[in-house]
Amino acid sequence: MNLNIGALKISISKQSPAPEKTALTIAHGGAISPMTFNRYDDPQRNILYIRETVAAAMHARSEAIGRGRLHAFERKKGTHERTALAPEHPLEQMLQAPNPLLGGFDLLELISQWLDATGNALLLKVRNALGVPTELWLLPATSFVIERGANELPEFYRFQPANTRIAASDIIHIKRPDIRTSPFYGHALISDMIETAKTDSALRFYQQRFFDNDAMPRAVLRFPEGASLTQLQIDEIRTAWEAKYQSPANAGKLAILPDGGVLEAIGGGAKELDFAKSRSELRDTIREAFKVPKIVLGDTDAVNLANAETSYRVFMRDVVDYALGKIAAALTRELATEFSANIVIEHEPVVPESEEQLLGRLRELRSALTIDEQRALLKLPPLPHGNGKVFLIGNAELGSDWKPLGG
């Protein structure tokens with residue numbers, strides 16, 4: 001896989017670093033630099049199993065995370081006060097449109113998918129002539145090593161096999177932490193459920209092959225001893241049999257064998273395999289590993305309005321909101337500080353507010369909001385002729401100057 005970004009050219013091979021090694025050294029510029037890589041993940045293998053249930057769960061997570069929005073704020077020193085940066089600020093523009101090809105929601109979706117598949121999401125900061133970041137590009141996280149400096153912290157990222165070397169200061173590294181790989185690398189979620197993903201795929205392929213030959217799977221056509229058949233005759237019989245009785249469309253047809261021929265099935269018990277139950281159990285295991293509730297994948301079995309809403313709110317709070325907070329913190333630490341030490345990046349709230357919570361909040365704020373402001377919270381238009389620009393305190397109607405109206 002080749003990636004060209006301006007003058008930068010990165011080539012990613014299909015080979016992974018040798019798993020038995022934990023560190024290596026490489027000579028450059030007359031110095032020996034220690035390098036490390038994650039030996040607990042095989043990104044190429046993981047990506048091969050992004051299909052069917054795994055793909056559905058990954059995309060459900062990434063699409064939910066992609067609905068989030070990131071914004072930049074400037075904090076006032078010594079206080080908790082903050083002010084949103086103007087839309088035309090370079091950092092705010094970069095958050096909404098990281099580069100000419102991706103929008104902010106695309107970037108969030110891809111970050112989520114890279115984290116699930118490889119445990120690492122690498123963003124390249126493209127700078128202008130003044131050295132200020134102007135664009136963000138996602139780099140393939142399938143074959144790279146981290147080169148550490150004299151202080152043992154990441155100094156360069158080296159992409160193999162082209163041996164392209166990028167300064168760590170130009171990389172935003174978002175990781176899915178794990179005790180096996182911290183602090184330099186993340187650990188892929190798929191790596192811990194790869195055997196389940198393999199079984200799910202194997203069962204799907206076996207099921208397909210089984211029903212493709214539903215007439216008689218794995219059979220032998222026997223003839224009495226002494227029967228002489230040439231290889232040409234054997235091939236003709238096999239071809240004719242498969243043409244007549246292979247595939248589900250020919251199941252149940254009456255087969256007439258040549259004189260003396262006996263058909264002997266050697267694949268016993270295949271039809272007794274409960275495909276539906278097996279796939280359902282595997283699907284639940286994969287879904288639970290990704291922390292995706294049934295309702296998000298369109299599964300309504302044993303789902304009602306109460307538990308569907310609860311599970312969705314927990315998913316948005318514990319999975320989506322947490323992921324957005326993690327991404328925002330990484331961008332604050334490694335991108336916002338390029339503009340100012342007082343700038344932070346935060347995400348808009350994504351946890352849906354229930355109707356009961358909204359009405360309760362309205363009751364609390366009723367004395368501080370005009371009628372039109374309360375209607376706006378319910379996504380209703382303002383009242384005509386300015387009738388909604390008043391406060392209601394009990395039975396009294398107050399104007400914007402907090403003086404009673406009508407006398």
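Two residues are in contact here when heavy atoms of theirs lie within 4.5 Å of each other. With that in hand, take His173: leaving aside residues up to four places away in sequence, it touches Asn120, Ala121, Leu122, Phe144, Ile146, Tyr157, Phe184 and Glu334. Keep in mind that this is a predicted model.

- You'll find His173 in strand β12, which covers residues 171–175.
- His173 counts as buried because its relative accessibility is 3%, and the cut-off for buried is under 20%.
- The side chain of His173 is joined to that of Tyr157 by a polar contact of 2.8 Å.
- Arg158 sits in strand β10, made up of residues 154–159.
- With 4% relative accessibility, Arg158 counts as buried too.
- Side chain to side chain, Arg158 makes a polar contact with Glu147 at 3.0 Å.

**The largest nonpolar core**

- This core has 65 residues, and the ones with the most contacts inside it are Ile111, Ile174, Phe290, Leu331 and Ile345.
- Helix α8 gives the core its largest share, 10 residues.
- Ile174 touches Ile111, Leu115, Gly119, Asn120, Ala121, Leu123, Ile327 and Ala330, again not counting residues up to four places away in sequence.

**Leu91**

- Leu91 belongs to helix α3, residues 90–96.
- Its relative accessibility is 0%, so Leu91 counts as buried.
- Beyond residues up to four places away in sequence, Leu91 touches Ala72, Leu85, Leu335, Ala336, Phe339, Ile343 and Ile345.

- Rolling a probe the size of a water molecule over the atoms is a way to see where empty space is left.
- The second largest pocket has a volume of about 340 Å³.
- It is lined by 16 residues, and Arg61, Arg176, Val319, Tyr322 and Ala323 are the closest to its centre.
- Helices α2 (53–66), α4 (104–118) and α8 (305–334) each supply at least two residues of the lining of this pocket.
- Helix α8 provides the largest share of that lining, six residues.
- Sorted by class, the lining has nine nonpolar residues, six charged ones and one polar one.

Key:
Residues are numbered from 1 along each chain as its sequence is written. This is a predicted model: local features need pLDDT of at least 70, side-chain atom pairs count only at pLDDT 80 or more; totals for chains, interfaces and linings use all residues. Side-chain values use heavy atoms; hydrogens and water are left out. Helices (H or I, at least four residues) and strands (E, at least two) are DSSP runs, numbered from the N terminus. Buried means under 20% relative accessible area, exposed over 50%, partly exposed in between (1.4 Å probe, protein chains only). On a 1 Å grid over the protein atoms alone, a cavity is a set of points where a 1.4 Å probe fits but cannot get out, and a pocket is an open set with protein on both sides within 12 Å along at least five of seven lines; lining residues have an atom within 4 Å of a point. Grid points are joined across faces, edges and corners, and a volume is the space filled by probe spheres set on the points. Ala, Val, Leu, Ile, Met, Phe, Trp, Tyr, Cys and Pro count as nonpolar, Asp, Glu, Lys and Arg as charged, and the others, Gly among them, as polar. A nonpolar core is a set of buried Ala, Val, Leu, Ile, Met, Phe, Trp, Tyr and Cys residues joined through side-chain atoms within 4.5 Å. A polar contact is a pair of N or O atoms within 3.5 Å; within protein, one must be able to donate a hydrogen and the other to accept it, and residues adjacent in sequence count only if both atoms are side-chain atoms.
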